[in-house]
Structures are given as C-alpha cells and as structure tokens.
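Open the model in your viewer and keep the selection tool at hand. This tour goes stop by stop.

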Amino acid sequence: MSSTHGGYYVPQPSHWPITGSIGLFLATGGFAMALPDKAGDPIGSLGVMYAGFAVLAVMLFGWFGTVIKESQAGMYNDQVDRSFRMGMTWFIFSEVMFFAAFFGALYYIRIFADPWLGGAGNNLSTHEWLYPEYTSHWPTNGPGNVGGDFQTMGPWGIPAINTLILLCSGVTVTWAHWGLKKENRGQLILGLFATVALGFIFVGFQAYEYIHAYSDLNLKLNSGAYGSTFYMLTGFHGLHVTIGAIMLLVVLLRSMKGHFSEENHFAFEAAAWYWHFVDVVWLGLFIFVYWLV
Amino acid sequence: MSETMTHDTHHDEHPSGIKRWLFTTNHKDIGTLYLWFSFIMFMLGGAMALVIRAELFQPGMQIVDPNFFNMMTTLHGLIMVFGAIMPAFVGLANWQVPLMIGAPDMALPRMNNWSFWILPFAATMLVAPMFMGDNFMSGQGPAFGWTFYAPLSGQYDKLAFFVFAVHLLGFSSIMGSINIIATILNMRAPGMTLMKMPMFVWTWLITAFLLIAVMPVLAGAVTMLLTDKYFGTSFFDAAGGGDPVLFQHVFWFFGHPEVYIMILPAFGIISEIIPTFARKKLFGYASMVYAVASIAFLSFIVWAHHMFTVGMPVAGELYFMYATVMIAVPTAVKVFNWATTMWRGSMTFETPMLWAVGTVFLFTIGGFTGLMLGVAPADFQYHDTYFVVAHFHYVLVSGALFGIIAGVMYWLPKWTGNMYNEGLGKLHFWLTMIGMNLTFFPMHFTGLAGMPRRYSDYPLQFAEFNQISTIGAFIFGFSQLIMLYLIIKCIKGGEKATDEVWEGSHGLEWTLPSPAPYHSFDTAPEIK
C-alpha cells in the first residue's frame, strides 16, 4: 500500500467531465437561442438543446457507470466513501438553499410586498400613486389582475393524498434499508420498488393537478405572484421528485443485479437521503403553499 | 486492494498535449488551469476597465457610445468577480490545500476537473452576446450593471444567455466548494486536527461553506428573472403582486456573502505570509479562526445595507446598520493580529511580504470606508457614487487581488522549482501600488463631490480627479504585464529554489521538494 497514495483512490484522467461541460453548454446555449428576442424571432431552434441533453445523458451514464465499476472492483476504501458522503451531504445542502430562495420570495411577497401594495406601513407611494384601488390579499395576482381571476388548489384533496404518498415512501425506503442491512434482498427490492412506484404516482398526481388547475381553476404560471410562487415551488419540487425517483430506480436495478452489501451501499444511502430531502421540502410546500392560504 | 492493481490505476496513464489538460484529474494541473484562466480573465476585465477609464478621461463622449460603456462596466464587474478573483482563489486552493494538509490529491478529482472545465464555457456564454450585434459597438452584451437589478435587466434582449452563464458559473463554484470541503474535512494527514490547520485552509473551508450556501440563491434569483421575462411570472412585477425590491433582497442575500467569499481566502494567504517574513508565529491563531467564522456568520445577516436608499422600513434600516457595523469587530481582530505578528519580528520585505503588507494597509482603508457606508443616514449621501466605487476597489483590488498576487509570489518557487526575479517582483509591486492608489484614491473625492457611478459622461468640475484616475489606471493596468513576464520567466528557469524556499517558512508544503512532485503526498506525513 505504501506505493499508493495512502490507499486513497485517485482516478486516471477522464473525458467525462469535459463531455459534461459540452453537454451543459449545448443544452443551455440551445435553450437560450430558442427563446424569443425583441423582434420575437429566436435565433435557433430547440434542436441544439436536445442534442445537449443527449450528450448529458451519455455523460451521466458513462460517468456513473465508471464509478459503479470502480466501486464493484473494490477500489474505494472507507476514506473515499467518506468523501462521497460529504459530497452528497453538501450537494443536498446546496439544493436546500436553492429552494430557500423561492420560499424566501414567497414569504417576502406575503409578509411585506403585498401589504405594502395595499397601503400598509410607510411604503405608501406605490399604493398611493399607482394602485390606490388595491387592497392587500392572498392569494393575489396583484393590482393588475394578471392572468385573470383564478381559484386556488384546496389542500385536502390531491395535495393531502400526495403528502401521504411521500410520507409512506419515506417509510418504504427505510424498510428497504433495513432489508439491505439484514441481507434480506427480497425486502430490499420490494421496498425500493414500492418507493419508486409511490414516487411516480406522486408525479402523476401532480401532473393531473396541474392540468386541473390550468383547465378548471384558471390558475396558471402567469397568475401573478400566487401563480409564480405556486408553480415555481411545486414545479421545482416535482422535478426533484422525478430526479430522486430515477436515482432510486437505478438503485433498484442495481439491487436486482446483486450490487450492494450490508456495509457497503453508499449509492443506496445517497438516493435515500435525497428522497428524504424532497420529502421535507414537500412538507414545507404543503403547509405554506397549499394549506396556509 | 492488491499492489499490482493500485499500481495500474495510479501510474500508467499520463496523456500529453491538450488531452493532459482536458482530461486531467491532478490537483496541480487543475490549479494551474484555474490560475491561467483567471489571469486571462483578469486581462480581459482589465482591458474593459481601461476602456471605461479612457472614456472618462474627459467630460463628453469621445471613444465609445453610452451603451458600449454600460456593457464595459457590467462585464468588467462580472468578469473580475466570477472570472478573475473567484477562479484564482479556487486555483490557489487546488494547488495548496492538498500540499498544506498532507493529502495525495483533492477528494473528488474527476469532479474537480468538471468544476474547472465548466468555466470557459460559462465565460463564452456571458461574453458571446457582445458579438451578436451588426457591428462591435452595437453588440448586445449585458449593459445593466453587474448587479443586474430587475426590472432593468428584464429589458435585456439576450437575458437568457446571461442567466445560463450565471447558472453554469454557480454550478462550477458549488462543485468546486464541495470538493474543497470534502478534501479539508476528510484528507488531512493524521494528527492535523482542525485547530492545527494552516489559516489558508481554514479560510477556504469557511469560504467554501459560504459558496455552497449562497450560489444556489443566486441561481434562484436569475431563474426568477428568466421566468419573469420569458414565461410570464410576476416575481419582480408590482402589477402582478410581486416587487422589484424582492430582486435586490434575493440578489444581496447572495451578494454580501459573495463579498467575503472574495476576501476570506486572501486573509488566509496573508496570514501564511506575514509570519514567514516576520519570522514569528501567527499571533492569536485561535482568535483568527473565530474571527473568520464570525465574519462568515455576520455576512448572512447584513445584506440590505446595499439597499439603504431603496425604501425600507426604518426598523430595517436600523437593524441592518447595527449588524453591518458589528463586522468591524472581527475584522479589526484580524488586522490587529497581523500587526501584532509583525511587532518585533525580524522582518524582511521580499515581494510576497510587500504584497501582504500592502494588503493589510490598503484593505484597512477599504474597511474604514465600509464603516462609513454602513451608517445608514450617511449612506444616503454616498449611495451609488464614486465613493462606493473607491470603497469596493480598495477591498477587492488591494484586498482580494493583492492577496492573490501575494500568494502566487509566495508559492511560485514551490510550484516551478525556480526563484522569481526579485527586482522585477518589487518593480511590479511598487508600480501597481502607485497606479492603484492613483486610480482609486481620487474616487473618494469625486464620489463625495457627488459624481454618480456608471455614467459615461460628467460635468466639467469632476475632470481633474477623473484624469488622475485614468492615468493611474493605465499605470496599474500595464504594470500587470510585468507580472506575466515574471511568471513566464520563473517557469522557464532561474535560480533553483530550496525545499524551504523562505528562511522562515512553516507548514507541510515546504517539506516537499521544489518543484512539488506530480502526486503530492504518497505517504501521509505525521503531524505532531
């Protein structure tokens, strides 16, 4: 071991990172080119963006594939494992802060901006000079009635069911973890399968809810401050549920191939942490976006 | 792990040429890439600053049109912050953190490569719209100031490019920071407890935490801008129940910690350098650590001091004023500790020490003007004038940039194995010192006299001070070519450096040969 770097695995040069950069560049650049400019005609089409996503998909497949192969070959010692754990922990923290920006926007609008628009406090001028008719209320689409009158989604229908689904999925993923630790492969696979299924059912309900909101409630992304915060928060959450479910799906497929041991299953834990994170974010959403309106 | 397998995985593949740099997982290669990228961006951002200064040499419009001028101020700020200062610090962290904590490499070497290789693409995305006009002067680069306040930035035609450039930069910073934290917390040599870590490592640990906490918030801010412009949301539109001031809150929640992201590693660097050349231990190590941690904590709760004139409730003004002024306490602890470290030291003034002392001296001036700006009623007078420009250039140029140059000069012999030319180093320092002060000191006066920042033209009364600033800026700018020459000369050859390099050097990096071997510590050293 002395000829190695203290046993710490330092990988060889890799082409996956630069592939990922090219993918990101094409995806974002392609999207930017496809958005309309002042004249209204975009300078590109979405094709470049799709190409970028394809490159990214190849990169993710290849890079994770390499890591899985190295892990299966036993190249990672406990110290490498700790690096991965720290990496995932801090990544989830960064995600928490991303959601914090949108929750912060919601609180700011509800606590400060909307009352001020209605003439409260010492910030009178906008109310006095621009919108003297406006009285503060929530949910609001502002003094301009942007997007037209709308209704909100009640909390005790689909959102409550979705809360239950996510809480159950938190239980099933923990049950799967117990299975893995007891070396009960059947319990592991069944628990993971249930979790992934619950995750996709959640996303399905969410999609149904969006369709309902758009077609029946006239609650749209452009329905003023309420529509903005509602869709951006639930939308990014739904995206993260989808990502988490895909992560768990990969873990499920790997479990079926016989990967992971009772001691060595960082990928499972990372996906499970991520899953609990989207779960907690949902509880915040349920309380502040659906319930306390 | 068998002997043969580890041999195979570690030593067989060393691509040469461009592939070495594109595919590398080595912390030194990646550090070098970061530093050169940062230098190129420094030159680009500096050239833009010289366009600004040339236009402001006289009242009236001489060289560029106002929109191009606005593009220059905007891109100068963005490029210097995200392209020059931040990558330079990450480059220094890449080179030095493994050397200073006795690690073989960074904790996550492939992700390390990705953190770097996103940057050139992000910079391209940021600058590309400049070249999308019919001719260069009518380019469509961002022209709304580096703070991209809504709703002005929402009127920008190529906003999406800007937004995605910021997303990519954030992505890179977050991954780089995760890597640095994992390296520091997981890769230290046996015996190196947290309170035995070099100050540079400490400051980077805290900086990395700040980056992970606030870069996602910046990503949120630009995402809201994007959806407001293209997808009909109303975050920053009062007609829809939103508020343009909300943008400023979200932006400065990122922006204020960002300010410390750009200074804390410089604090760390000079805390390494001053003890070396004063030939004394750093005075008050523990208090230095706690001071950095306090500054980092306070950075999260003072953001609205950038917005005193925006129309906040009086209670908000008072709170943000008191919280802001509190930062002076831990900052003063640091300045006093540096001064006390030098007190009765047997001092010599090699180039790195000159830069370090220059940093302490000039950064403190920036700190004092910061106190003035932090006092809410006084800020109503200074807000958005050249006084602010003077203030933040004193902390960012003579704080962050001087700190970076100090670090580069200090560690350059360790990286290249050769001593740099001391005469050239001193010449570079003094010319920069003179140029920098000529540029920015008069701005205090132009600002107090009432000249607003970001204007391409001004009344005749401000002409003299502006001319002095412009002359200083050209001296400052062109002096940097000396540094380029010095570094290239040092890479190519020169007097061989010893392992210790400096008589008073301290720390693990000086136990390695100069130049440091490709793989840093094959066997972890023991720390007593």
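What follows is a list of selections, with a note on what is there.

**Before you start**

This is a predicted model, in which local features need pLDDT of at least 70, side-chain atom pairs count only at pLDDT 80 or more, and totals for chains, interfaces and linings use all residues. Residues are numbered from 1 along each chain as its sequence is written, and chains are lettered from A and ligands numbered from 1 in the order in which they are written.

**Stop 1: chain A as a whole**

Select chain A. Its C-alpha atoms fill a box of roughly 75 × 45 × 35 Å along the principal axes. Colour by secondary structure: there are 8 helices and 0 strands. Helices here are DSSP runs of H or I with at least four residues, strands are E runs of at least two, and numbering starts at the N terminus.

Now colour by domain. Domain 1 of chain A covers 1-76 and domain 2 covers 77-291; these bounds come from an automatic or database domain assignment. Their C-alpha centres lie 25 Å apart. The contact between them takes 5 residues from domain 1 of chain A and 5 residues from domain 2 of chain A. Two residues are in contact if their C-beta atoms, placed from the backbone, lie within 7 Å. On the domain 1 side, 3 residues are nonpolar, 2 are polar and none is charged. Nonpolar means Ala, Val, Leu, Ile, Met, Phe, Trp, Tyr, Cys and Pro; charged means Asp, Glu, Lys and Arg; the others, Gly among them, are polar.

**Stop 2: two backbone details in chain A**

Select A:W138 and A:P139. The peptide bond from A:W138 to A:P139 is cis, with omega near 0 degrees. A:P139 sits in the loop between α4 (125-130) and α5 (158-181) of chain A.

Next, take residues 224-256 of chain A. This is helix α7, with 33 residues. From first C-alpha to last, α7(A) reaches 47 Å, close to the 48 Å expected at 1.5 Å a residue. The expected span is 1.5 Å times one less than the number of residues. After α7(A) comes A:G258, with a positive phi near 95 degrees.

**Stop 3: where chain B touches chain A**

Show both chains. The contact takes 67 residues from chain B and 68 residues from chain A. Which elements of chain B give two or more residues to the side that touches chain A? They are α1 (3-11), α2 (18-23), α5 (109-127), α6 (159-186), α7 (199-230) and α8 (244-261) of chain B. Highlight α6(B), which gives the most, with 11 residues. The chain B side divides into 38 nonpolar, 21 polar and 8 charged residues.

**Stop 4: α7(B) and its two partners**

Axes are lines fitted to C-alpha atoms, for helices over the stretch in contact, and angles run from 0 to 180 degrees between N-to-C directions. Angles under 35 degrees count as roughly parallel, over 145 as roughly antiparallel, 65 to 115 as roughly perpendicular and the rest as oblique. The crossing of α7(B) and α8(B) is left-handed. A left-handed crossing has the near helix turned anticlockwise from the far one by less than a right angle; clockwise is right-handed. Show side chains: the contact includes B:L210, B:V214 and B:V217 of α7(B) and B:F247, B:F251 and B:F254 of α8(B). Its residues divide into 15 nonpolar, 2 polar and 1 charged.

α7(B) and α10(B) pack at about 15 degrees, with their axes 10 Å apart. That makes α7(B) roughly parallel to α10(B). This crossing of α7(B) and α10(B) is right-handed. Among the contact residues are B:W202, B:I206 and B:F209 of α7(B), and B:M288, B:V292 and B:A296 of α10(B). The contact holds 10 nonpolar residues, 2 polar and no charged.

**Stop 5: α15(B) and α17(B)**

Select residues 386-416 and 463-492 of chain B, which are helices α15 and α17. Their axes come within 10 Å and cross at roughly 15 degrees. α15(B) and α17(B) are therefore roughly parallel. The crossing is right-handed. The contact is made by B:I405, B:L412 and B:T416 of α15(B) and B:M483, B:I487, B:C490 and B:I491 of α17(B).

**Last stop: two backbone details in chain B**

Select B:F148, in the loop between α5 and α6 of chain B. Its phi is near 35 degrees, a positive value in a residue other than glycine. Finish at B:P515, in the segment after α17 of chain B. The peptide bond from B:S514 to B:P515 is cis, with omega near -5 degrees.
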